[in-house]
Amino acid sequence: MELAFLLRQVGCQVVWITNQRPEGTNDVSYSLEHKMLNHGVQVLPARGQEAIETALKADLVILNTAVAGKWLDAVLKDNVPQVLPKILWWIHEMRGHYFKLEYVKHLPLVAGAMIDSHITVEYWKTRTHDRLNIQMPQTYAVHLGNSKELTEVAEDNVARRVLREHIREFLGVRSEDLLFAIINSVSRGKGQDLFLQAFHQSLQLIQHQKLKVPKVHAVVVGSDMSAQTKFETQLREFVAKNGIHDRVHFINKTLAVAPYLAAIDVLVQNSQARGECFGRITIEAMAFKLPVLGTAAGGTTEIVLDGSTGLLHPAGKEGVTPLAKNMVRLASHVEQRVSMGNKGYARVKERFMEHHMAERIAVVLKEVLHKSRQHPHS
C-alpha cells in the first residue's frame, strides 16, 4: 500500500489486484480497500478477464510476496510469458516452506526481484540454487522506511503522552511501571513463548538479586483467542502456571501499533530460526525512541546496532537466559534505555524514513522498467 501511494504521488496510475476477496464482512479488508480507493488506487479481484487485460497493459507488474507466485498460472494462464519480462517480484519472506517450485518457478524469468534485507537476498540466492536448481534474477536489497503517518505520531510529544496514558490506564499499569512488549502476530516463529520464559526468568533474577527496579510487565500484542490455536493456549497456560497473570497482558492483533509503541519502554523482537526478513516493527519502535532487544538473526542484525541502539540475543532456547539478563539490564539502568532509544531514533532519521525507502525503490524501478522495455515481449 505504501508503495502504491508513493507511486500515486508522482502521477502513476496504480491498480491493486487482490488474490482473495473474503466472503462476508471483514473489517480489516474493508478498511484497507477503502484506504486504497481514497488514494486513487483501483482495486480489482484477481480472477477475471479485467485482471489479465490490466496486467498485459501495465508498464510494470509488482508481484508482492513469495506466495503470490503460485497465482501467476492460475490468474494469467496463457499470458504468463508476456507478463514475466515486466515483473518486479517483491519478496518479504525467509521461511523454508516458501521454497517450492509451485511458488517460485517463474523467478528466473522476471525483470528483477526486490528483498527487504541483504542477509535475506543471500539466503534466497543460495537456497533457490541449492534446493531448486534455479537462478535468482537481478536482485536488489531494499530496506524499508517508516510511514509519514507513524513518524508524525512518534514526533508529537503531546500525542505520545496522551496515547501512553490511555493505553496504560487500559492495561491497569502505573505510569512508573516498566513495560517490555513483543508486537507481532502470535505464532511460534515469532517467539512469544520464549519471550514469556525470558520474562519469567527476569522476574526471578530481580527477586534473587534484590534489585530495586520499577515493577516490570510483559505485553503481548498480536493475540487472537478467537482462533483458539494450541500455541496461544499454551502461552496463557504458562502465565497461569507461573502465577504471573498480573504482570502479563495479552492484546488482540491490530493494525494500529502506534498507541502501544507510545505506551511501552522496550520492544522485544524475538523472531526465531532465521529471524525476520526485515521487521518493520523494529524501526517503528526506534522512531519512538525505544531500545530494541532482538534476536541476532535475519534483517534485525542490519537494523539494531548491538550495544548501541539495543541488545541482541541468540535465537532458540539458548537465547532465553541472555534475553532475560538483557531485560534485567535495561530495567536496572534507565540512562542506558534512554541512550539506546536516542541512538535508535538517530539511526532511523539517518536511514529508515519513508523518503529513504522511496529513493531506494526509485532506483530499482528505473532499472527494472528500463530492462523490461528492452525485452521484445514487453
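Biologist: What should I know before we start?

Modeller: This is a predicted model, where local features need pLDDT of at least 70 and side-chain atom pairs count only at pLDDT 80 or more, while totals for chains, interfaces and linings use all residues. Residues are numbered from 1 along each chain as its sequence is written, and side-chain values use heavy atoms, leaving out hydrogens and water.

Biologist: Why is the pair Phe-278 and Phe-352 called edge-to-face?

Modeller: Rings of Phe, Tyr and Trp (its six-membered ring) pair if their centres lie within 6.5 Å; planes under 30 degrees apart are stacked, over 60 edge-to-face, the rest tilted. Here the centres are 5.9 Å apart and the planes sit at 70°, so edge-to-face it is.

Biologist: How do you know that Phe-278 is buried?

Modeller: Buried means under 20% relative accessible area, exposed over 50%, and partly exposed in between (1.4 Å probe, protein chains only). Phe-278 has 2%, so it counts as buried. Phe-352, at 0%, is buried too.

Biologist: What makes Arg-236 lie over the face of Phe-250?

Modeller: The rule wants NZ of Lys or CZ of Arg within 6 Å of the ring centre and within 35 degrees of the ring normal. Arg-236 meets it, at 4.3 Å from the ring centre of Phe-250. Lys-289 also lies over a ring face, that of Tyr-345, at 4.9 Å from the centre.
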